[in-house]
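Reader: I would like to learn how to read a fold from its strands, its helix and its charged pairs. Can we work through an example?

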Amino acid sequence: MEQTKRLLMTFKTTDDKKVSLSVDNPREDITESEIKDAMDLVVSKNIFAPNGADIISAVEAKVVVTDTTSYDLEL
């Protein structure tokens with residue numbers, strides 16, 4: 001079984017939609033403060049424009065852990 005972690009950051013855009021950015025394999029010791037600072041930086045620098053809309057605020061962040069089990073189907 002393979003386990004993967006991903007930091008998922010969700011933002012609100014000027015067209016009132018949500019957009020997410022993800023970071024694979026975030027540091028184990030990452031803090032809420034560091035995540036908030038990174039998200040605030042994304043908003044303040046305004047370098048992303050998904051579907052032509054600006055990101056205007058941070059909505060939520062979470063670390064998603066996924067367990068993957070592969071099966072050999074050649075019997």
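Predicted model: local features only at pLDDT ≥ 70, side-chain atom pairs only at ≥ 80, totals over all residues.

Reader: What is the order of the strands in the open sheet?

Author: The general idea comes before the case. Strands of a sheet pair through backbone hydrogen bonds, either parallel or antiparallel. Here 3 strands form an open sheet in the order S2-S1-S3, with antiparallel pairing. S2 and S3 stand at the edges with a single partner strand each, so one side of each has no neighbour in the sheet. From one strand to the next, the twist averages 25°.

Reader: How many bridges join S1 to S3, and how many pair S1 with S2?

Author: S1 (residues 2-13) and S3 (residues 55-68) are joined by 12 bridges. Gln3, for instance, has Asp67 in S3 as its bridge partner. Between S1 and S2 (residues 18-24) there are 7 bridges. There, Lys12 is partnered by Lys18 in S2.

Reader: Which residue takes a positive phi in the hairpin of S1 and S2?

Author: Asp16 does, with a phi near 60°. The hairpin has 4 residues between the strands.

Reader: Where does helix H1 lie?

Author: H1, residues 32-45, lies across S1, S2 and S3. Its direction is at about 130° to S3.

Reader: Now a single side chain. Is Thr10 buried or exposed?

Author: In a regular strand the side chains alternate between the two faces of the sheet. Thr10 sits in strand S1. Its relative accessible area is 6%, so Thr10 is buried. Beyond its neighbours within four places in sequence, Thr10 contacts Lys18, Val19, Ser20, Met39, Ala58, Val59 and Glu60.

Reader: Next, the charges. How many salt bridges are there?

Author: Side chains of opposite charge can pair when their charged atoms come close. The count here is 7 salt bridges. One of them joins Asp24 and Arg6, at 2.8 Å from N to O. This pair links distant parts of the chain, 18 residues apart: Asp24 in S2 and Arg6 in S1. Asp24 is partly exposed at 46% relative accessibility, and Arg6 is partly exposed at 41%.

Reader: Which residues are linked in a network of salt bridges?

Author: Arg27, Asp29 and Glu34 are. Within it, the side chains of Asp29 and Arg27 meet at 2.8 Å, N to O. Asp29 has 53% relative accessibility, so it counts as exposed. Arg27, at 45%, is partly exposed.

Reader: What separates the closest N and O atoms of Glu60 and Lys62?

Author: They are 4.0 Å apart, and the two residues form a salt bridge. Glu60 is partly exposed at 38%, and Lys62 is partly exposed at 39%.

How values were computed
Residues numbered from 1 in each chain as written. Heavy atoms only, no water. Pairing = 2+ DSSP bridges. Helix = DSSP H or I, 4+ residues; strand = E, 2+ residues; numbered from the N terminus. Axes fitted to C-alpha atoms, helices over the stretch in contact; angles between N-to-C directions. Contact = heavy atoms within 4.5 Å. Buried < 20%, exposed > 50% of the residue type's maximum accessible area, 1.4 Å probe, protein only.
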